[in-house]
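This report covers selected local and chain-level features of the structure shown here. It takes one chain as a whole and then turns to parts of the other.

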Amino acid sequence: MALSGMRGLSVFISDIRNCQNKEQERLRVDKELGNIRTRFKNEKGLTPYEKKKYVWKMLYIYMLGYDVDFGHMEAVSLISAPKYPEKQVGYIVTACLLNENHDFLRLAINTVRNDIIGRNETFQCLALTMVGNIGGREFAESLAPDVQKLLISSSCRPLVRKKAALCLLRLYRKNPDVVNVDGWADRMAQLLDERDLGVLTSSMSLLVALVSNHHETYWSCLPKCVKILERLARNQDVPQEYTYYGIPSPWLQVKTMRALQYFPVIEDPNTRRSLFEVLQRILMGTDVVKNVNKNNASHAVLFEALSLVMHLDAEKEMMSQCVALLGKFIAVREPNIRYLGLENMTRMLMVTDVQDIIKRHQAQIITSLKDPDISIRRRALDLLYGMCDVSNAKDIVEELLQYLSTSDFTMREELSLKAAILAEKFAPDLSWYVDVILQLIDKAGDFVSDDIWFRVVQFVTNNEDLQPYAAVKAREYLDKPAIHETMVKVSAYLLGEYSHLLARRPGCSPKDIFSIIHEKLPTVSTSTIPILLSTYAKILMHTQPPDLELQNQIWAIFQKYESCIDAEIQQRAVEYFALSRKGPALADILAEMPKFPERQSALIKKAEDIETDTAEQSAIKLRAQQQPSNALVVTDQRPPNGTPPPVGSLSLVKVPSMSGNSDYNVVDQGVNQTNGTLSKTDSQPPSADLLGDLLGPLAIEGPPGAVHSEQTAVSGVEGVPSAADAAAIVPLEEQTNSVQPIGNIAERFHALCLKDSGVLYEDPHIQIGVKAEWRAHQGRLVLFLGNKNTSPLVSVHALILSPSHLKMELALVPDTIPPRAQVQCPLEVTNLRPSRDIAVLDFSYTFGTSVVNNKLRLPAVMNKLLQPIQLTAEEFFPQWRSLSGPPLKLQEVVRGVRPLPLMEMANLFNSFRVMVLPGLDPNPNNLVASTTFYSESTRAMLCLVRVETDPADRTQLRMTVASGDPTLTFELKEFIKEQLVNIPGASRGPAAPAPAPPKGPAIPPDDPAALLAGLL
Amino acid sequence: MIKAVMVMNTQGKPRLAKFYDYQPVEKQQELIRSVFTVLSSRAENVSNFMEAESIFGPDSRLVYKHYATLYFVFVFDSSENELAMLDLIQVFVETLDKCFKNVCELDIVFNYSKMQTVLDEIIFGGQVLETSSTEVMKAVEEISKLEAASNAITLVPAKYASGWNRR
C-alpha cells in the first residue's frame, strides 16, 4: 500500500476510519477543523509542507460532507506564492471549495493571468486547470486572448495546449463573445490538422461547443472532421498509447461524429461519399466480442455512427441496415448493448418510414419488459409506448396489463398511466377501452390516478352505446371479494347513472344493486361516501314504481349522515334527503348527467409533463401530431334537462339547518348542483385542471351571469371547495383568488426585468423566486417554489404560456411541495426572433381548500437578450451610415417622455444593457448607444441607437434605431420607447395581463428579495 | 458535459466526489446518498446504466462500474456518449492501477490527493482531457516529482523552522 507522503494526513484519515459512528466522526472532524483554523491564524508559522497537509485535510473533510467555511482567503492568497508547492495547494483548494461567483476569486485574476502568460509550464497548467473548472465571466473577459495564444502556440507542449483548449471552452460558455467568431473559424480549422491526439481530442470538444451555436461559421471544419474520422477508422498514424483495446481512440471518433451532427447537411458530394464509406465500415465491422471493455469501446463508436446516420437522413437501405443492427442488439447477452439498442430504437422512431421495420421486433421488445435489469425494462416500456399505434395497440396494451401485476412498484404508476393513454388514443373500439381501464384499476388501483377513472366516466357519459356495457362490467367487478376503493368509486358512479338500463337482468334490480354497493360502504374512506350517497339517490329515482322498503332503507342512511362531521357528506345527505321527498320532481333534478364537452385529455397532458427523456418526449409530440385523438365524443352544449338555474341564491353552500323555506331554495338549485356536487368527489381535489375536466358542463351550461354570481359568492365564503370552480372557469382578468399576494406583482416583475434574481411572487403560502442566466439567445431561468407553510401545498401546476418567439421548456414541477421545502424548476428559454411579447407563467396550487391561481409575467424580456458592446467612433459611424433608412433604420419623434436629466437617461439605457457611448456624438444633448441582440434567426446582431433631446422640452425627443434586421429595428425602437414613456409599474406588452393591484399588506420589495437571497 | 464523478464504497462512504457544476456541500451529500441507494439495490450482471433524471434533473445520464468494494460513477448530459463514458471510467481505474500497482480501496482512502490529481489529468472542467492512461501517468509523475522536491525541504525539522519564523 502506497502512502500519500503526508504522515499527518494519513493519521487523520486513520482516525476517521476508526470512528465507530457518525457522532465520533463529527467530533474528530470538529477538532481537526479547530486545529487547522488556529494554525492558519498564525500563518507565518506554517511551512509549505504543513500548509499543504492542512489543505488536503480540509478537502478530505469537505468530501466527507462537512462545510469548510474558512481558509478561503488563505487559499486564494497562496496562488500568488512563488514556489510550486504553495501555488499548487492554492490552486487546488480554490478550485474545490469556491464557486465561480465567489468574491475572492476576483482578487486572483491578475496573478492567474501572470501564471498563464509566464513561461513556467507547470504554473500554466495549474492556472488553466483552476480557470477551466471555476472561471466565470470576468475571467472570460480578461483571460481569453492569452488562453487562445497558448492553444495555437507552436512552442507549447501538448500537455499545456490541450488544457488551453478546454479552458477556452469554459470561457466561451461563460461569455460567447470571447471567441471572435469570424477570425476564430480559420484558426479552429488549423487546429484540426493537429497530429497529437490529446490536443486533437480537446480541440474537438471545443469545436462541438462552437458548432452547436454557429455551425455556419465553421463550414471549413467539416471536411477536416471527416478526414480525422477516416484517419482513425483506417488506423493510420495512431500511436499505441491512443489505441484502446485495439480501437483507435474511440473518444475522438465519438466526438468527431458528434461534431458532424451539428452541421445540418453535407453538401459537398465527395465529403459526403467519404463519410458514408467510413460509416459503412463502422456499421459492418463491429461485432460483439468476449472482452467487455473492447465491446464497450467498439459499440460506443457504433452507436455514435448510428446517430450520425440518422442525422444525415441516409438512403432507406442504410436505415434499414441500422434497424436490423439494432434488432440484433436488443437480443444479445451483453446488457449494456441491449439497453442502448432499445434506447436508439426509440430515437429511431422519429425517423420516417422505419416504424414498420421496428414493429417486426415487437416480440423481442416485449420480452425485454421482463429483463432482470430495471434500466432495460424502462427503455423497453418507453419504446413500446412510442411505437404503439392503432395496428398494435391491443397487443401492446394487453402485454402492459399483464406485466402490471409483476412489475416493480417504482414503475407501476408510469406503467398504468402509459397503458391508460395508449388505450385511450388507439382504442379500436370503446368497449375495449372500458375493459382496459377497469382491469387497470383492478390490478393496480393504488397507482391509478383519479385522472384515469374520471376519463373513463367521461367517455361512458358521452357515448350512449357504451353505457349498458360499462354498467354490466361494473356490476361484475362488484362481485369480486376484495376490490380497490377506486373500483368502488367508478362502479358506484356508473351503476348510479346507468344501472336502470340493466334492470331486467338477473341480480340487477335496484334493490340488488343497492345492497351490493352498500356492502362496500363500511370499507371505504370519507372521500368515497359522497359518491355512494349520490348513487343511492339516483337508484331511488330510477325505482319506478317506488319501492317503499328500499326508500326507507336509503332514507335511513341519509338521515344517519345528516349529522356527519364531514361537510361534504353532510351536505349531500341533507340535500338528497330533502330532494327525494319531492317525489316525481326528483326525476327532473337527478336526471342523467349531461355530456361533457370534449377537451384535451388531462392524462395526455400529464404524461407530457412527466416525460423528461428528451428523445422520448419528442417521440410523443411527433405521435400527437400524426395521430389525432380518436376519442369518439360528441359535444352537446345544450342542457339536456331542466331550465337554467336562477341567479343568486347560494344558501346551499352554507349548509343551514333544514327548515321549510330553505328547502325551496335547495330544489331550485338542484339542476345546477347535481352536476357540480357529483363531480366534486374528493374534498381535496387532486388538481384544478382535472376538476376543470369534470366541471366542464357547469361552466358552459349556466348563463354567464349565473356562473359569476356563484363564483363571487363563493369566494366570499372562506374555505369552500368551490373556489376551485372559480379558478377553472373564470377568464383571466376576472380571477378572484381568496389569497392575496404580498407586495406588488408588477413592481416585482419590473425589478426582475433589470436584474437576474429576486422574488417574482409571494403570498402567505408560497414564495416564487427566479434566478436567471442568459447566454446569447438562450437563457436558463430557475424557478424556486418555496412553501412557507407547515403543511404541504398540493396540486401545484405551472404552465408556461410562451409567445411564439420564445421556445420555453419547463422542467417537471412536482405536484406537491412539502412543508417548508423549496423546489427548483429549471426553465430553458431559446429566443427565436426579435419580439417584445412577454411570456406568462400560469401558476396554481391548492392550500387546504382554497385554490390559488395566478398569471405571472416572466422576466424573459427583450433586454435580457441584449449584450452591451463598446464601440469606437471608427467602428460606429461606418455601420451607422451603411444602415440607411427604413426598414433597417427607423426614426421617430417620441412625445410624452418622462422628463429625465441626460445623465439619468444614460443610466436608464445602460440598465437595460444598451450601452451609451459617451463623447461619440458631438452634440452634448444627444446620446449614442450600441448593443448586441441575440436570437436564433438574427444570431448576434449589432444594434445602434441615437437619441436627440431638446434641452428646452425634456418631454420629447427624436430617436433613431438601426440594425441589420427590420423586425429587430422596429421591436427595439418600440421597446426603448416603452422604457422612456412608461412609469415603472405600469403594465406593458400585448401578451401580458394586467395584474391586480395588491390588496395585501405591502412589504418593501427588497425585503423578501433579501430573504430569498439567503435561501439561494 | 460531465456533471459529476463519484467514487464510493459498497457501504456508501464517499471516497471521491467531484462536481463540475457547483453544488453546495449538503446537496453533494444528498446526491451521493441518492445514487448509492439505487446502486446498492442493483444486481450483478445487469447493465451499467442507471436512471438519473429523478436525482440530477432533466438531461442527466449515469453510468457506473463496480470494482470489488468500490463503485465508480460518472454523471453527464446527452452531449456525451454513454459507452465512451464507461470507457473513461475504465481508463481512470486502469491509471489508478498503474499508480498503485493493483489498486485497492485502502490505496484510494490514504492517497486521496493522488486520486484527485489523476482525475484532474483525465477530466478538465467537465470535459474529457486525456484518454491515454500512458499520457496521464506521465503528467502525474511530473507533478509527483515537483511535490517530492518540495517535501525534501521540509526534512529540516519543522520545530526549528517554525520557531525561526515566529521570531
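Buried residues account for 62% of the 167 residues of chain B in this predicted model. The chain exposes about 6600 Å², of which carbon and sulfur atoms supply 55%. Its secondary structure consists of 7 helices and 7 strands, and along the sequence these follow the pattern β-β-α-β-α-β-β-α-α-α-β-β-α-α. Of the contacts in chain B between residues at least 6 apart in sequence, 51% join residues at least 24 apart.

In chain A, one open sheet has 5 strands in the order E3-E4-E5-E8-E7, with antiparallel pairing. Its edges are strand E3 (757–762) and strand E7 (806–810), each of which pairs on one side only. On average, neighbouring strands of the sheet are turned by 25 degrees against each other, direction ignored. Helix H38 (residues 745–754) of chain A packs on this sheet, where it touches E3 and strand E4 (766–775). The direction of H38 makes about 160 degrees with that of E3(A). Within the sheet, strand E5 (residues 778–787) and strand E8 (residues 822–831) of chain A pair in the antiparallel sense over 9 bridges.

Helix H6 (residues 103–117) of chain A has a kink of about 45 degrees, centred on A:Ile109. A:Ile109 is also one of the buried residues of H6(A); the others are A:Leu105, A:Ala108, A:Thr111, A:Val112, A:Asp115 and A:Ile116. An α-helix has 3.6 residues a turn, so residues three or four places apart point the same way.

A:Ser407 lies in the loop between helix H21 (393–404) and helix H22 (409–426). Is A:Ser407 buried or exposed? A:Ser407 counts as buried because its relative accessible area is 3%, under the 20% limit for that class. Its side chain reaches the backbone oxygen of A:Leu404 at 3.3 Å. Neighbours within four places in sequence left aside, A:Ser407 is in contact with A:Arg412 and A:Leu415.

Note on methods:
Residues numbered from 1 in each chain as written. Chains lettered and ligands numbered in written order. Predicted model: local features only at pLDDT ≥ 70, side-chain atom pairs only at ≥ 80, totals over all residues. Heavy atoms only, no water. Bend = angle between axes of the 7 residues up to and from the residue. Helix = DSSP H or I, 4+ residues; strand = E, 2+ residues; numbered from the N terminus. Buried < 20%, exposed > 50% of the residue type's maximum accessible area, 1.4 Å probe, protein only. Polar contact = N/O pair within 3.5 Å; in protein donor to acceptor, adjacent residues only side chain to side chain. Contact = heavy atoms within 4.5 Å. Pairing = 2+ DSSP bridges. Axes fitted to C-alpha atoms, helices over the stretch in contact; angles between N-to-C directions. Areas by Shrake-Rupley, 256 points an atom, 1.4 Å probe, with all protein chains shown as cover.
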